[in-house]
Amino acid sequence: MTRATHPRGAATPLLSLVLVLAAALPLAGCGGPATTHHKPGTTHEEASGSSGTLLPARDESGHRLREVPAATAPTVRVEARPDTEGGWNIHLTVERFRFTPDSTGGAALPGRGHARLLTDGRETARLYGDWGHVPPGARTLTVRLHADDHTVWAVAGAPVQATVRLDGAPAAPPSPRPSDTATAPAPATTAPPSPRPTETGRTVTLTIAGKTVEPPPSRIELKKGERLTLRVTGDRADTVHVHGYDREVPLSPGVPAALTLTADRTGLFEVETHESGLLLTQLVVR
Amino acid sequence: MSWTRRIVLAFSVVLAALAGALLTAPGAQAHEERPVTFPDGSGTVPQPRSGEPDLLVCKTDRADFARRISAFPAPVKARNLALLDRCAREGYRHLQEAVDAVDRPGMTIAVLPGLYEEEPSLPKPTGACAALKAPNSSFGYQILSYEQQRQCPHNQNLVAILGKKNLQIEGTGASRLDVVFDAKYQKLNGIRADQSDGVYFRNFTAQRTTFNSLYVLAADGFVIDDVLTRWNDEYGFLTFASDHGLYKNCESYGNGDSGIYPGSASNINDGRGYDVPRYSIEITGCRSHHNMVGYSGTAGDSVWVHDNEFDHNMGGASMDSAFPGHPGLPQNHARFERNLIHDNNQNYYPYVADGTCAKPPVERGYERGVVCPQISMPPGTGIITAGGNWNLYEDNWVYGHQRAAFYLNAVPAFIRGESAWAKQFDTSHHNRYAGNHLGVDRAGNSRPNRTDVWWDGQGSGNCWQSDAGAASPGALPGCGERRGDVSGDTDRLVGEPVKLAQLLVCADYNVQARRLPAGCDWYGARGLQRVETQLALGSALVLALTGTALWWRRLRGHRLAGLATLAGLVGLTLDVVGSTLALTPTAVPALALLLMGAWWTLVGLALRPTRPVFAWTTVALGALTLLDAFDKAVLMVPGIPLSPAWFRLLLGVVWVLWAVIAAGTRTPPTTPTPVPTPGTDSAPATAPEPGEPELTPAGEAAPTPASTSASASEPTSAPTSAPTSASASAPTSASAEARPHEEGAA
């Protein structure tokens, strides 16, 4: 009995053979088992590699981290250039990584997936290629690499990501600044396999106009050890003070000032301006 | 069979044996399966069940689940939430666990939205399963028996459904992308349903295997409903040796062979004509794209394929009889209706050439559009039939192809391992291409195919619609109103020689060795690289040299012969030009044949007096060439077992040898040379006089009264004296060209 050989279904090809019409001659005499004249196809080697280890930890958006060895982990660098009509054009340089938009939602396979953009600490978009755009207003941009199953590629328990500061007003109506636009005014802060991913941690942006604070004062909940950056823009000279941590940063009218701290003490702490005595927000550290 | 046919047959066999010797590379089978036979056909196509499922499969991460169903329509969302509660209590976490819990026919398994990697199935076999005694396929995996599959269900399968009857497996998501089974290239098969009659698959996605995602084997009754498969070394859907099957609303892409493969569908209509009581498998509403071929049907017998879309593959659909071991060969009775088959112009062979396909499957980049074509085929083609009978292709839209809409050739039985003499010519017959919309899309926009038909010319009862555009051959048998009506039918045993040569060259493809035949335009050869043009050029050079020499040495003074030779040279040039990809489907090749035929005919007539046998041979060659032109451009000559091209080819070889001898032999003058000045050298150096009235070569003149003049008895330049009157029969005559002059002088 001859074996069923499937497939080759296809295509056919073979056509060719056609002509051949008859090699029947030799075959007729021997009558051996059926063999195909079809050449071998590709190997069908089954994969056996691992796609890393799922960690219990999750990122801010609730995605599990997927730990892989640093030597084989993907890396990402990011560079931002102001766009002439506003915002920033960003360019990713990835290694050991391919963008696989069509298999998003499938299982994690090593070295593929997509990137997610976090502007000022909040997830705003995905990138399925190495170029993207961030609208004006953002102060920091973090680019994080995710696998097809939405888990976060991680090394040493920290996400693979890179962060860049989008300093200076991203020329909303761009005043001609030839030298700036030619060279990237926003130096690419790169953190390849970023072992310290949360360098800047969350960023909260506050704006003071007269007696009004935008967003209105509320509570910022932090886990102990989390890093927080406060980015404050006032309309007069002043000083921002974080009680409890006793951290201060001077304010100049219209110029954003940043204050970064690590929430290493639990409790409720107020953030105020010294001169005007405004309550900006409260930090709840647990 | 008449004796002439037998002779032709024997001759064909010799040709084939030669070709076969070239072709028979050490074969490795592409995929080997245990021996299977068709089901007995007593089953039915299963109906979907919509009641409460018997078994549930889900994942436990509620937050993840909530995200997945957040955009579902309210009723679907509510149902899924209810099912999740139930599943959390009594459900399974992997499909295989639920399948294993099936304990009676007619059960339904519902799979909730989520990603299913079936982790328990993944570990490599250990213990007894690592030491099964079974033959190895050429690719390293074992060809397991059904019992061995039961013993070790996960040696090759992510999910194995073995011997379950009327099982329904359905995703409960809002779309088929909400439930994904992902083999991550770690298994040969994604979901295998083996001897599981009545299986019903609905609303999920299966992907990334090293063979095929959804595999139905030996089933009497199956349905594939709204399922997506993608990124497999070979097939998206493979249903083999099965009956009472239905594919509907399915999609497949990114497969190295085909998206949809109803291989060895039950051969229930063997021996019938076009009228059949039923089809074994129906395929409708499916889309198959970005594969090597959208649909393939080695032994795809009695498959009814209607209202599908096959697009952006290398080839839209193919059926064939080219591979051994498929029950039901030769392929027969596929019926294609109202399908959209268009823009199948992908060419994935560069991925073979650049080494991408030599990597392990997981690294090839299928998700990014890589396809590794497993076999040789002509990219840019709508429907390929490589050995098949009684297929109906009607009312389809076939457009936008850079090669051809329809491709038909024969495949002799020994290719599929059958050596019986009577079977060698059992394809391709009675294929009907009628009422299709060629070169226009459904909105009526013009989207021409480069050619509408490519046919090797073999077979009987094949016909094409009369409005087919550019075709090779240019004249095709036409379809009548009713199925079975054919005008201008032919019945040839072998295809056109040049086409066979091309197929022979093109078949020498080897994906593992990264060998892409250089002479074949399927892999990018153009211009002089193509074997057809090389053959045309080679033979044109030989014929041009031979013909010119013949004229120079024997007919130089013969004006008409000179003109004819000139026409012949033009014809040879056109023959080379006409062999290019762009001009093959035009009138150029036939025009070339016309000129060459005229050349040989006239030269033959001119040679009659000196060498009657050779002359008539030349005339015969001319006549065959003219017949060939007629055959290719006007009407395929009925009633002959081989095309005129074959006879022309054979006679041409003889003629060239003979012409070389005729032109090159140096013999004494054999006819009287009535030179007025005896003693001077013979006439070759003297030019014919203007106004020479005698058109025929001198040899013929010898018996004329003029040549019998006194001078006839006066041999001049002959080193040896020859008989004065017998010259006409001399095999060669070195001085023939001088004679008109002599006669004139006389």
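I began with β11(A) and β12 (residues 158–159) of chain A, which pair in the antiparallel sense over two bridges. Opposite V155(A) I found A158(A) in β12(A). The two strands form a hairpin with two residues between them, and A156(A) in the turn has a positive phi of about 55°.

A note on sources: this is a predicted model, where local features need pLDDT of at least 70, side-chain atom pairs count only at pLDDT 80 or more, and totals for chains, interfaces and linings use all residues. Residues are numbered from 1 along each chain as its sequence is written, while chains are lettered from A and ligands numbered from 1 in the order in which they are written.

Next I checked the other partner: β3 (residues 64–67) of chain A pairs with β11(A) in the parallel sense over three bridges. There R66(A) stands opposite W153(A).

Are the faces of β11(A) covered or open? Both are covered, with V152(A) and A154(A) buried on one side and W153(A) and V155(A) buried on the other. Buried means 20 or more other C-beta atoms within 10 Å of the residue's own, with C-beta atoms placed from the backbone.

Then I turned to chain B, where six of the six residues of β21 (residues 315–320) are buried, so this strand is largely enclosed by the rest of the structure. I saw β18 (residues 293–298) of chain B pair with β21(B) in the parallel sense over five bridges, with A317(B) as the bridge partner of Y295(B). β21(B) also pairs with β24 (residues 381–386) of chain B, in the parallel sense over five bridges, and here T385(B) is the bridge partner of M319(B).

Conventions:
A residue is buried if 20 or more other C-beta atoms lie within 10 Å of its own, exposed if 12 or fewer, and partly exposed in between; C-beta atoms are placed from the backbone. Helices (H or I, at least four residues) and strands (E, at least two) are DSSP runs, numbered from the N terminus. Two strands pair if DSSP finds at least two bridges between them.
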